[in-house]
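This report describes selected features of a predicted model. Please consult the sequence and the structure shown below.

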Amino acid sequence: MRRMKYIIAIILFAGSMRVSAQDTIAVPKQTLSFEEYLGYVKKYHPLIKQADLTLSLGEANLLKARGGFDPKIEVDYDRKKFESTEYYDQLNATFNIPTWYGIEFKANFEENTGAFLNPNLSVPEGGLYSAGVSFSLAQGFLINERMATLKKARFFREQTQADRELLVNNLIFAASNAYFMWLEASTEEQIYQTFLENATVRLDAVQRSVEVGETPAIDITEARIALQNRELGLEAARLKRRKAALEVSNFLWLDEVPLELQEQVIPVSPEIELVQSSLALVNVAVLSTMIENHPKLRSLDAKIDGLDVDRSLKRNKLLPKLDLQYNFLSPEYDQVSSFNTANYKAFLNFSFPLFLRKERGDLRVAQAKLQEANYERISASLSIRNKIEASYAEINSLGSQNDLVQNIVIDYESLLTAEERKFFLGESSLFLINSREQKLIDARLKQNEVSVKQLTAIASLYNALGMSENGSNNNP
């Protein structure tokens, strides 16, 4: 694999090599097929790695949210000593285990001594152990900041997975369009090159005919104008092809090094079936299923779910705060029976804003954002459906157009052949031959254009369906 990779790189993309004019040698034409090209894009393009980073961001955000439920150890130590007098020496160690519904289990040890110790901090000589629980009965019971953060992180991970598929899909679509434009420009150049050779042969023949007195000298001017028009068309096509090749080079990388297509590399016109296979469009699922599993809609669904969690949290803020804490106390940690209801420490906290203006304002904002996201989802669903149906209609129409233009090309070729026979019989003119030939050139250019449009329409369908690089738009 490694050997093949570098052979292809050397043959096709030796963009960093610079040779002088006297060192230039004739290089045979090399081809780059659509399937090989997409293989390079999918494997080496930096945007693919950027898409993976997007996915990693969702995983990192989820890991961060889960950290809110990590057990925690806290140790506070405070001491004051002045002029040989120990004012106080306080040690407080706590082990805290948070749980899903805002309930926290705590284990605590405190040891306090000193001449000026606050009386409510007095404990037995060996210290005091406590074990208890704290929870909220109103605000923060069914949902709290910690729960909401974790839920939103899970939805954000789903959103990043869908966004990654969209990013890859758009990259493959843009790369496919670039290849097809390169193919169209290369074929156009070949068309003009062929007819330039015909015009050159015809001019030589007319010049010899004028020399022997068989045709008037003005025919040389006619033939020369035709030759110059072909040269002009060829030069424009050559520029178009070069620009298209540079556009294709934007998608070609190898081991994080950008590559450049060389002049001797030409594209290969792919069959319709090959393009469909390369873009994983063979045996696609039912349209309604494809739309529902579209990564754009999945991304919006995850966004809506996250906003719904945020709205629930803001709605919960309208409830009063009622926090309770109860701890069993004992001087002996290794005797469970010593923890009983006779020795305890309890805590109650209640608060409730009278007007709830901040809370009500936050809730309205959350509801507005959720409604906006729902409207966006409805609009996106309709847009995706119409785009898919338009792509199918375009593919079918271009298939019919392609058949028609092929018949037109055949008829124009027959007309040109017949006109040339009449010319050699003295029944036609060089002007009519050039006119017939120009019509044939236009028909072949139109045939090339329609053929490439059909390939581009297939890529548009791939983009509209939101297919990923593994041929699916389903949840991973």
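## Basis and confidence

The model is predicted: local features require pLDDT of at least 70 and side-chain atom pairs pLDDT 80 or more, while totals for chains, interfaces and linings use all residues. Residues are numbered from 1 along each chain as its sequence is written, and side-chain values use heavy atoms, with hydrogens and water left out.

pLDDT is the predictor's confidence in each residue, from 0 to 100. Its mean over the protein chain is 84, and 90% of the residues reach 70 or more. Helices (H or I, at least four residues) and strands (E, at least two) are DSSP runs, numbered from the N terminus. Confidence is highest in helix H8 (residues 295–316), at a mean of 93, and lowest in helix H1 (residues 2–12), at 36. Over residues 1–28, pLDDT stays under 50.

## Strand E5 and its partners

Strands count as paired if DSSP finds at least two bridges between them. Leu128 of E5 is the bridge partner of Glu110, whereas Tyr129 is bridged to Ser330 in E9.

In a regular strand the side chains alternate between the two faces of the sheet.

## Helices H4 and H10

The axes (lines fitted to C-alpha atoms over the stretch in contact, with angles from 0 to 180 degrees between N-to-C directions) of helix H4 (residues 145–211) and helix H10 (residues 430–465) come within 9 Å and cross at roughly 170°. H4 is therefore roughly antiparallel to H10, a term for angles over 145 degrees.

Terms used. Parallel < 35°, antiparallel > 145°, perpendicular 65-115°, else oblique. Contact = heavy atoms within 4.5 Å.
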